[in-house]
Amino acid sequence: MKQRATVVLAMVLYLLGTAHAATEPAASRVDSRLRYTVYNKDQVYQVRTQIGRAFFIQFADGEEMEKWYAGDSKGWDVAKHGNVVAVKPAGEEPGTNMIIVTSAGRTYVFDLTLGAPAVYGVRFSYPLDQAKKDKARSVERDLDAALDPLLQTRRNYKYAGTGSADLRPVMIFDNGRYTYLKFAEGQGWPSVFAVAADGQETIVNRTVRGNWMIIHRVGRLWRLRAGTAVLCVRNDDYAPDSSDNRGETDTPMIDRQTVTGKEVRR
């Protein structure tokens, strides 16, 4: 029993010790005096240095030190240049901790000690931030592709219109998510409204690319306006619940057939 208790006590003491252990940044494969580590707001980083040796800390691009604090500030010289902080021991016994607050809202905590081998530099990486940036870029690329009329493979051209010929697009289709209107070179841009069942008009979000106007939705009825000119455009294949309702009538006993070309010509 005494032997078992001794083992348990040893494990507890070990866990307590490791719970407060600082992380030593990993050595570079090229030169072990240069170190790399991943930023963690809950981690203390250990840096060993020597009298007469300076080391640097490098943050993310554009991230700069705003303030620094140390238990013994007189034992260290600290300066910054862009996203790099230079640190040099200035006393014979400068061992202390250092806290750096940056423009990115991050807080870095270091345990600075004299010892060998000395560290000449610590570079931080930010995989979580990079993953967020990569995801944002991926979403942006997907959106950019979705808004490009020439890249669309699903196309509903079943549209009909009535009203001012001056406002007619030369082509109109949707892909089930966005509506694409192409206008002639030099043709003015009308305002586009979604028309509800009760006739109410709502202005819609749109993106313009060259001669194309991309409406960020699909609708049953659009109304284009420019001054006193008005053009009504009807989607004859509108199915908001993804069901196929090609007749667009109130009863399945009656089917309306609409024959349209791919372009609305003047």
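Begin by selecting I100, which touches I57, F59, M65, K67, W68, V85, R106, T107, Y108 and F110, leaving aside residues up to four places away in sequence; contact means heavy atoms within 4.5 Å. The model is predicted, with local features needing pLDDT of at least 70 and side-chain atom pairs counting only at pLDDT 80 or more, while totals for chains, interfaces and linings use all residues. Residues are numbered from 1 along each chain as its sequence is written, and side-chain values use heavy atoms, without hydrogens and water.

Next, display the largest nonpolar core, which has 19 residues. Such a core is a set of buried Ala, Val, Leu, Ile, Met, Phe, Trp, Tyr and Cys residues joined through side-chain atoms within 4.5 Å, where buried means under 20% relative accessible area (1.4 Å probe, protein chains only). I57, F59, I100, Y108, F110 and F124 have the most contacts inside this core. At least two of its residues come from each of β3 (44-49), β4 (55-58), β7 (84-89), β8 (96-102), β9 (107-114) and β10 (121-125); strands are DSSP runs (E, at least two residues) numbered from the N terminus. β9 gives the most, with three residues.

Apart from this core lies another, of 15 residues, including A194, V204, L231 and V233.

Then select the open sheet of five strands, ordered β11-β19-β18-β14-β15 with antiparallel pairing; two strands pair if DSSP finds at least two bridges between them. At its edges, β11 (159-163) and β15 (201-203) each pair on one side only.

Finally, show β11 with β19 (residues 229-235): five bridges join these antiparallel strands. The bridge partner of T162 is C232 in β19.

Conventions. Helices (H or I, at least four residues) and strands (E, at least two) are DSSP runs, numbered from the N terminus. Buried means under 20% relative accessible area, exposed over 50%, partly exposed in between (1.4 Å probe, protein chains only).
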